[in-house]
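Biologist: I would like to go through some of the labels put on this structure. Please give the value and the cut-off behind each one.

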Amino acid sequence: FQFDAKSSPTDPHSRINYLGTYVQDNWTLARRLTLSLGLRYAHDNGFLPEQCRGASPAPLDVVFPAQCFPRIQFNVWNPITPRIHAAFDVTGDGKTVLKGGWGRYGHLRGIDELQMSNELADSVATYTWRDTNGNKLFDRGEVNFDRNGPDFVSRRVEVGQALAGAVPNPNEKEPMSDEAFLSLERQLVSNLAVRVTGIYSRTTDTYRVQNNKRPYESYTIPVTNRDPGPDGRLGTADDPGTSLTYWEYPSALRGTAFQEPMLINDRKSDSDYKSVEVAMTRRLVNRWMFMGSYSATKLHVPVAANTAGVTDFTGGGGLTVILATYDPNAEIFAVNNTWEWLARASGAYLFPARVQVSANFEHRSGDPWARQVSFTGGATIPQIRLRVEEIGARRLPNLNILHMRVEKSFQLIKGQKLALQGNVYNVLNINKALGVTPLSGPNFLIPTAITPPRIGEVGITYSF
């Protein structure tokens, strides 16, 4: 029922000039209090240079004609962010230390944020398709390729899936993250210590993607569908007997003339995370050592990403961040108030003849998720994929992974050392799913990724 027209040929250019500097100094007061104060300055300048493209082959030259585009400048950021940390020897004997601090971290501008505005970026224009002759193949005349015509649905950047044709926001603020922590470390006996840590972090000026020419308030037409259940078919035994309503906009607002995305800062979408960790460390004494920890984090994400969101591959220190669109459909079952936890244990034993055996075990909570349904029936939004339950109603299985190593070292002359290693990853050869298909239908719950299999590795290292 839909046709995707892809832009070709394309040769997009997006540029970011970035500079980061950091200054830090430490002070020790009365041998018991140590202060570490830092200040970071960054210059973040993203822009699109002047560029042109050739026309796509007919009939898509109507969709992607030959055209030149002027330079587009995004807001230039010059954030100054402080970091303050301290350590205090509580008892004065070096056995009990209280540590704490706070730091602010700026958002690094991502290429995908520029690609939304780059008309040369690889993009896909989606149209309604009517198979008039019933041959299940596209034929000329079955789609009206006018980008302001009745068949136009949307145009998206292919990488990142952002709505295309975006404009810079003159009021855009740089998203920030604040993180504060407090920990208490105590030596219980010789070579054995415990640590308790609490961490609180919060994001501010969170991004969402607004359509300037199709505002939040324009989604006024309800479209109600029955939930077909996990099998994606109505009238079967797994139907939950519930319905879901999404909202579409009037026909007068359809077409590319009413598509102008823009990044906005939505304080209602700001997230926070609360974590606690307990850890124990035994240093290498009498041939063996051990480290163990357990942490749990409570998430509060008011608006998690929807399926029409934008993937920003450079957000948050290289992590993949998905941005929600700014419309009421993005807020359906969008709150993520789940827990995640992680337990780790590692140890090593040094046998005679310089033979060391070590192991690392990790127990990690499975990711929370929610079942989704692809609904149809609207006029301006003929198809939409939505969650039909709370995030966390389902979870992937917990992971229990064990890695082991055996190492034999040889001491050479003048501090040189040769070591032979044998590693086994995923010793238990677990095959838990790391991702599943959340969409109701014949592929529901089919794994999209599984834990890598048991892997053996032999290595040699030489140090000097």
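Biologist: What makes the contact of Lys268 with Asp266 a salt bridge?

Modeller: This is a predicted model, and in it the closest N and O atoms of Lys268 and Asp266 are 3.1 Å apart. The cut-off is 4 Å between a side-chain nitrogen of Lys or Arg and a carboxyl oxygen of Asp or Glu, so the pair counts.

Biologist: Are these two residues buried or exposed, and how do you know?

Modeller: Lys268 has a relative accessible area of 56%, and exposed means over 50%, so Lys268 is exposed. Asp266 has 5%, and buried means under 20%, so Asp266 is buried.

Biologist: Why is the contact between Glu331 and Arg208 called a salt bridge?

Modeller: Their closest N and O atoms are 3.1 Å apart, and the limit is 4 Å. Glu331 lies in the loop between strands E20 and E21 and Arg208 in strand E13, so the pair ties together parts that are 123 residues apart in sequence.

Biologist: What makes Glu331 partly exposed?

Modeller: Its relative accessible area is 31%, which falls between the 20% and 50% limits. Arg208, at 2%, is under 20% and therefore buried.

Note on methods
Residues are numbered from 1 along each chain as its sequence is written. This is a predicted model: local features need pLDDT of at least 70, side-chain atom pairs count only at pLDDT 80 or more; totals for chains, interfaces and linings use all residues. Side-chain values use heavy atoms; hydrogens and water are left out. Helices (H or I, at least four residues) and strands (E, at least two) are DSSP runs, numbered from the N terminus. Buried means under 20% relative accessible area, exposed over 50%, partly exposed in between (1.4 Å probe, protein chains only).
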